Amino acid sequence: MFNEQRQDQTTDRQLDSYVFRAIADYTYDWESWHAPDGRLLWLNAAVERMTGYRRDECLKMPDYPLALVAEEDREKVANVLQDAKNGGSGNDVEFQLLHRDGSMRWAAVSWQPMYDESQKHLGFRASVRDITERQQFREELRLYNQHLEQLVQERTAKIAQLEEHRLKMEKLAALGQMAAGVAHEVNNPLAGIRNAFALFKSNLSADDENYELLELIDGEIERISSITHQMYQLYRPSQQSPAKFDLCRVIASVVVLLEPMAEKSNVEVKSQSDRCVPDKELGATEVVLRESELRQILLNVIRNAIQASPSSAVVQIDVTTSTDLVTIAVSDQGKGISNEVAARMFEPFFSTKTGTRQGMGLGLSVSRSLAEAMGGKIVIENERAKGACVKIMLPRRISTHE
């Protein structure tokens with residue numbers, strides 16, 4: 001009877017061993033059992049799926065499993081093996097597997113010690129799981145988060161830029177209101193001074209020894225009047241209605257006005273129209289805009305180009321039209337301007353000119369305000385070696401109700 005019981009127990013152990021071995025063989029993860037000193041005793045077939053090496057090849061490896069681990073992770077896996085031999089346990093330590101075909105896969109190992117019924121240390125087991133997809137998802141998530149962070153930074157920078165622009169516009173609006181108010185208050189007494197001076201001047205002969213001084217005073221009064229007019233234009237709403245006119249005619253008339261300045265500076269002003277497109281209602285260079293305001297823009301821009309040009313230089317004016325847009329490019333042959341100065345050229349009261357008779361730096365600021373009021377813009381294209389080009393870009397037509 002006793003022998004029969006022992007035989008039954010042996011049979012049960014063999015059956016248990018067979019069942020457990022079968023379970024391990026058909027486990028999806030790469031399972032291995034090790035002796036207390038770390039020697040490999042058994043591993044399942046999953047190792048071939050994950051590494052390309054058969055079980056019998058792995059059992060013969062003197063440095064298993066380090067030969068299957070990417071070089072940069074071998075120290076990490078060696079530490080895991082040492083901990084397992086010392087009776088420790090751990091979970092989900094990630095490393096890279098070196099496949100037989102040279103490719104890399106990501107894996108995670110977990111390990112724990114094994115004991116018999118009498119708590120004798122039998123060694124340890126290790127379970128390696130393929131986490132390549134998980135790592136890919138993690139990398140995709142990292143890239144996605146990085147992209148989101150970049151978008152957030154870009155949006156934050158854009159918001160900051162818009163806020164800066166808003167504050168600048170508020171500042172310019174306040175400045176414009178102040179300028180318009182000052183201009184209005186100055187114009188009234190200035191008109192009285194001018195009338196009184198005209199009466200005083202009319203009583204003197206041109207042969208009078210002080211007549212030249214009167215001419216100088218008259219010129220300064222005119223300059224003050226011009227400055228207050230430009231200050232007023234920074235803020236005042238336009239009173240002119242759009243009308244149809246020919247661009248080339250307006251440009252020619254402005255050039256005629258500036259001829260004395262150009263001759264004094266020995267600068268030639270040329271203009272041409274190129275790639276101009278007519279439509280059903282407008283000729284090739286015809287537009288529907290506010291003519292006097294465009295004249296003011298052209299006067300300011302062309303005058304600046306003449307002043308920036310050296311002797312014997314040419315100021316070139318090029319006109320281009322499409323069905324929706326007109327571009328007037330005014331190019332000089334001066335020394336150009338720095339990027340820092342170019343960024344400030346449209347600020348009110350900013351000027352690079354020297355001397356007491358060079359105005360208050362309102363020309364480009366007024367020009368930009370007038371262009372934007374017509375739905376256009378003014379930009380500066382600067383080439384330090386070739387001079388600067390100011391481009392006036394306006395819609396071909398604006399509503400007569402604006």
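1. Buried here means under 20% relative accessible area. Met61 has a relative accessible area of 17%, so this residue counts as buried. Keep in mind while reading that this is a predicted model.

2. Staying with Met61: you'll find this residue in the loop between helix H3 (55–59) and helix H4 (74–85). Leaving aside residues up to four places away in sequence, Met61 touches Tyr53, Ala67 and Leu68. Leu40 sits 21 residues from Met61 in sequence, with 9.1 Å between their C-alpha atoms.

3. The H3–H4 loop also holds Pro65. Have a look at the bond between Tyr64 and Pro65: the peptide is cis, with omega about 0°. As background, most peptide bonds are trans, and most residues other than glycine have a negative phi.

4. On the phi side, two spots are worth a glance. Gln119 has a positive phi, near 65°, and lies in the loop between strand S4 (104–115) and strand S5 (121–130). Its relative accessibility is 56%, so Gln119 counts as exposed.

5. The other spot is Asn266, where phi is near 55°, again positive in a residue other than glycine. Asn266 belongs to the loop between helix H8 (259–265) and strand S7 (268–273). With 42% relative accessibility, Asn266 is partly exposed.

Methods
Residues are numbered from 1 along each chain as its sequence is written. This is a predicted model: local features need pLDDT of at least 70, side-chain atom pairs count only at pLDDT 80 or more; totals for chains, interfaces and linings use all residues. Side-chain values use heavy atoms; hydrogens and water are left out. Helices (H or I, at least four residues) and strands (E, at least two) are DSSP runs, numbered from the N terminus. Buried means under 20% relative accessible area, exposed over 50%, partly exposed in between (1.4 Å probe, protein chains only). Contact means heavy atoms within 4.5 Å.
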